[in-house]
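This report describes selected features of a protein model in running text. Please consult the sequence and the structure shown below while reading.

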Amino acid sequence: MKISYKATTQILIALIVISIICILINNLTVNLIKTGLGFSFGWLFRPASFALAEHPLPYSPSDSYAWALFIGWLNSLKVIFYSLLLATLIGTCVGLFRVGKNVLLRLVSAGYIAIIRQTPLLLQLMFWYFVAILGIKGTIASPIGSVLSISNQGINLLGIKLSAEFTSLLLGLSVFTSAYIAEVVRGGINSVDKGQWESFRSLGLKDSTGLYKIIIPQALPAILPGLTSQYLNLAKNSTLAIAVGYSDIYAINDTIINQTGRPIEGFIILLLSFLFLNLIISNGMEYLNTAIIRSSNPY
Amino acid sequence: MRRFFTGILTFSMLLTGCVNSSIRTQSRLEVIKSRDSLICGVSGKIPGFSFLNSNGSYQGLDVDICKAFAAAFLGNPNKVQFRPLTAPERFTAIRTGEIDLLSRNTTFNLSRDSSKGNGLIFAPIIFHDGQGLMVKKSSNLNSLYELAGKSICVGSGTTTEQNINDAFEEKSLPYTPIKYQDLNQVVAGYLQGRCAAMTSDRSQLAAARSGFRNPKAHIILDDVLSKEPLAPASAGGDQLLSDAMRWVIFALFTAEEKGITQSNINQKLEIAKNNPQMKPLRRFLGVEGDLGEKLGLPNDFVIKVISSTGNYGEMYNRHLGPNSKVPIPRGLNKIHNSGGLHFAPPFN
């Protein structure tokens, strides 16, 4: 009796979901036919005829739309990868300060987290770009030789040129995500039993050593799942690049949709490329997670 | 991983066969009439064309065109809902039916008009424009050649983006495009010094410059990179709506040609009524014949339009004339008998 009741509800819910999606697909198809458009991806191999400011691989306007999209995907990947590293670095530091003994650092990091988490990311990106980077008048050079120079055209770090758009997106994404990562780190460390701190201290270990050897290994299993979802958020948030003029896959897709008049195909490609990207991230993190759990439980 | 793909597979199998191909074919004009309001897509960010004024209503040439349509379709120029759209949004908005028509400084070109391209139908051109470049006077840049290797701020998803590329590529000059999603960002990037120049239609450059703190410190270069005929548009395959739009615009041109204005329209109507021999005027104003009905509009639609918005020249002067905030010389945008390009076929 109970089983059949459960099954009926499940079937009912499944039917509702399917019929909603049916209506959407039907709507789409009807409208496509109405405007005389079928599904097609042939345009992917036609020349893009627009230039790109940044391209990690050779690119010219006579290359195909498909190649332009791939360049956009690489641009996305580039900014996501570096933001990921930077956000983890800042986030871990702030998270540790938050649970540390230094009162000043604790207050500063609490303030940092509060401010960053309570303002929208788009606003922060606009701030980094239009105020922080483009607001620079002249060139700020580092005192020692040509290590670092910053102007409103971008950053030159040891001969590596980063555009103003890339820099502001990198900073914006890293700072925003770091505040969330800090909270994940703090939560992970707080999840470790207080007795662990007391026991390593009674063994005469310094706080820093104990943190590294005793606390963090036990906190990691609690931190990683939270970290994964922050990484996935970061990857998705990178599409706000369009607000600061960085040519990520979303921005390029936007131009392509406009030129070819194929929004549905364009968005499907966008969807798949993000699915692919996020599957890489989540599988990588899952692999890391399993490895850590295995190494901390050798039995 | 495997569960994920099995899930997707099951799901897509369930969805196969839920496509219903029965298609309703109702003209958008009927939809507009039964809704008793016109939904018009505009930019909302270009002074002189469509811009929010201080009391919160939209103003400009593009906006007046929407009002003229509403006057013709619904008998009231105020039955319009304006939807501000970015350049990349506009075609999706029209295709999905979110808006009835587009009056958003949109360039008329082959890809956008063709059924295998964007699938739009364009109404007659209401503004002949061309793409230009604006630089700071202090930069001493005077031509396209001097911009080689420099950064140029451009709006993404516009014909502008393609034209600037064509212009530089043709001359084999290198340049760096810095692309933003809307014109306000292009302006901000340019004013903040990210780019040596900004590019857009010359009318938009003039409009943007009118809002600068020191408009005289910026010059628009003489290079004209493209033809930019701007026209309203509607979704393809809907002849009733596109015909109605076309002839409302021709009515605006014809009224200017015949010297019919907002202030003298009632006198002209009296003259037409009292003089049965003035056939063309009588047909134009709907006193005799059934020209309006042929379009699915009331026979007196021209009277409704001219008495609510004035003729094309009046619209132009209101928003872009010498005494407006964004003065743009009329040039090509004069009526044909004054040496411009605007020409309407006969109302027969």
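What percentage of the 348 residues of chain B count as buried? The share of chain B residues that count as buried is 53%. The model discussed here is a predicted one.

**Overall form of chain B**

Chain B contains 14 helices and 15 strands. Its C-alpha trace spans about 70 × 65 × 40 Å along the principal axes.

**Helices and surface of chain A**

In chain A, helix 2 (residues 65-99) packs with helix 5 (residues 164-190) at an angle of about 40 degrees, and the two axes are 6 Å apart. Helix 2 of chain A is therefore oblique to helix 5 of chain A, because angles under 35 degrees would count as roughly parallel and those from 65 to 115 as roughly perpendicular. The crossing of helix 2 and helix 5 of chain A is right-handed.

Gly95(A) is found in helix 2 of chain A. With a relative accessible area of 0%, Gly95(A) is buried, since the cut-off for that class is under 20%. The C-alpha atom of Gly95(A) is separated by 14 Å from that of Ser208(A), and the two residues are 113 residues apart along the chain.

Helix 1 of chain A (residues 2-34) includes Ile16(A). Together with Leu12(A), Ile20(A) and Leu24(A), Ile16(A) forms a nonpolar patch on the surface, and the four residues have about 400 Å² of accessible area together. Ile16(A) has 46% relative accessibility and therefore counts as partly exposed.

Strand 1 of chain A (residues 139-141) contains Thr139(A). Is Thr139(A) buried or exposed? At 57% relative accessibility, Thr139(A) counts as exposed, because the cut-off for that class is over 50%. Thr139(A) and Gln153(A) are 14 residues apart along the chain, and their C-alpha atoms are separated by 9.3 Å.

**Salt bridges**

How many salt bridges are there over all chains? The count comes to 20 salt bridges over all chains. Three of these pairs are set out in the table.

| Pair | N to O distance |
|---|---|
| Glu265(A) and Arg262(A) | 2.9 Å |
| Arg28(B) and Asp100(B) | 2.7 Å |
| Glu288(B) and Lys279(B) | 3.6 Å |

In the chain A pair, joined by a salt bridge at 2.9 Å, both Glu265(A) and Arg262(A) are buried.

The side chains of Arg28(B) and Asp100(B) meet in a salt bridge at 2.7 Å, N to O. Arg28(B) lies in helix 2 of chain B and Asp100(B) in the loop between helix 4 (87-95) and strand 6 (101-102) of chain B, so this pair ties together parts that are 72 residues apart in sequence. Asp100(B) is buried, with a relative accessible area of 2%.

In the salt bridge of Glu288(B) with Lys279(B), the closest N and O atoms are 3.6 Å apart. Here Glu288(B) counts as partly exposed at 22% relative accessibility, and Lys279(B) is also partly exposed, with a relative accessible area of 37%.

Which residues of chain A are linked in a network of salt bridges? Arg98(A), Arg117(A), Glu183(A) and Arg186(A) are linked in such a network.

Asp36(B) has a phi near 60 degrees, a positive value in a residue other than glycine. The place of Asp36(B) is the loop between helix 2 (28-35) and strand 1 (38-42) of chain B. With a relative accessible area of 35%, Asp36(B) is partly exposed.

Ser172(B) likewise has a positive phi, near 50 degrees, and is a residue other than glycine. Ser172(B) is found in the loop between helix 6 (159-170) and strand 11 (176-180) of chain B. Its relative accessibility is 62%, so Ser172(B) counts as exposed.

Phe127(B) lies in strand 8 of chain B (residues 127-129). A relative accessible area of 2% means that Phe127(B) is buried. Phe127(B) and His342(B) are 215 residues apart along the chain, and their C-alpha atoms are separated by 8.7 Å.

Terms used
Residues numbered from 1 in each chain as written. Chains lettered and ligands numbered in written order. Predicted model: local features only at pLDDT ≥ 70, side-chain atom pairs only at ≥ 80, totals over all residues. Heavy atoms only, no water. Patch = residues over 30% accessible without salt bridge, like charges linked within 9 Å, V, L, I, M, F, W, Y side chains within 5 Å. Areas by Shrake-Rupley, 256 points an atom, 1.4 Å probe, with all protein chains shown as cover. Helix = DSSP H or I, 4+ residues; strand = E, 2+ residues; numbered from the N terminus. Buried < 20%, exposed > 50% of the residue type's maximum accessible area, 1.4 Å probe, protein only. Axes fitted to C-alpha atoms, helices over the stretch in contact; angles between N-to-C directions. Parallel < 35°, antiparallel > 145°, perpendicular 65-115°, else oblique. Left-handed = near helix turned anticlockwise from the far one by under 90°.
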